Amino acid sequence: MRTVHETSAGGLVIDGLDGPFEEQVAALIGRIDRRGRMLWSLPKGHIEQGETAEQTAIREVAEETGIEGKVLAALGSIDYWFVTEGRRVHKTVHHYLMRFSGGELSDEDVEVTEVAWVPVRELPSRLAYADERKLAEVAGELIQKLQTDGPSALPPLPRSAPRRRPQTHSRARRRGQSRGPDESAPGRAGGCGQGP
């Protein structure tokens with residue numbers, strides 16, 4: 001079985017970062033899995049040729065939620081494996097903490113069933129994947145630093161060079177084409193898979 005490596009990026013967009021924690025909300029996307037369950041996750045997608053991970057995070061958030069965000073800090077990366085179309089895929093997803101900067105929530109992206117503003121305090125119970133729940137914890141710590149000590153307290157963003165070559169995608173992602181069932185269902189060894 002051929003192994004391919006894919007890299008994606010996405011973000012946790014927070015509105016109300018300068019206000020009290022109880023009023024802060026995060027933008028999540030929902031997709032229906034094969035069993036008919038709504039799985040809530042962070043918006044993300046493939047890094048395209050010529051894009052940095054940060055640029056991809058901004059673009060994917062806009063495409064999947066209709067809103068704009070500004071990257072503040074790296075939350076970390078998640079990597080996992082899945083099998084689709086006779087290939088073993090090793091996927092790495094870089095996530096960023098982002099400040100809401102405009103737009104309105106929209107679920108016009110065909111790959112997304114629903115979008116919602118979710119209170120930040122509810123992220124541990126709403127996010128479907130344990131790895132993303134851990135990223136939400138990191139985001140909480142960064143938000144606290146931001147509010148206590150200001151933007152200079154956030155760690156610098158890691159260097160990210162633009163992608164030089166197109167990725168070999170496990171499935172072509174064109175607007176109007178939905179993900180296959182293998183790509184939207186949890187499938188990672190160790191307990192929690194991710195969508196692409």
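**Salt bridges in the predicted model**

Arg 99 is partly exposed, its relative accessible area being 24%. In this model, which is predicted rather than determined by experiment, Arg 99 forms a salt bridge with Asp 18, and the closest N and O atoms of the pair lie 3.1 Å apart. Asp 18 itself counts as exposed, with a relative accessibility of 65%.

A further salt bridge joins Arg 37 to Asp 33, with a distance of 2.5 Å between the closest N and O atoms. The two partners fall into separate accessibility classes: Arg 37 is partly exposed at 37% relative accessibility, while Asp 33, at 6%, counts as buried, because buried residues are those under 20% relative accessible area.

Glu 122 and Arg 126 also meet through their side chains in a salt bridge, for which the N to O distance is 3.4 Å. Here Glu 122 is partly exposed, with a relative accessibility of 28%, and Arg 126 is likewise partly exposed, with a relative accessible area of 29%. Elsewhere, salt bridges that share partners link Glu 51, Arg 59, Glu 60 and Glu 63 into one network. Counted by the rule applied here, the salt bridges of the model come to ten.

Definitions and conventions:
Residues are numbered from 1 along each chain as its sequence is written. This is a predicted model: local features need pLDDT of at least 70, side-chain atom pairs count only at pLDDT 80 or more; totals for chains, interfaces and linings use all residues. Side-chain values use heavy atoms; hydrogens and water are left out. A salt bridge is a side-chain nitrogen of Lys or Arg within 4 Å of a carboxyl oxygen of Asp or Glu. Buried means under 20% relative accessible area, exposed over 50%, partly exposed in between (1.4 Å probe, protein chains only).
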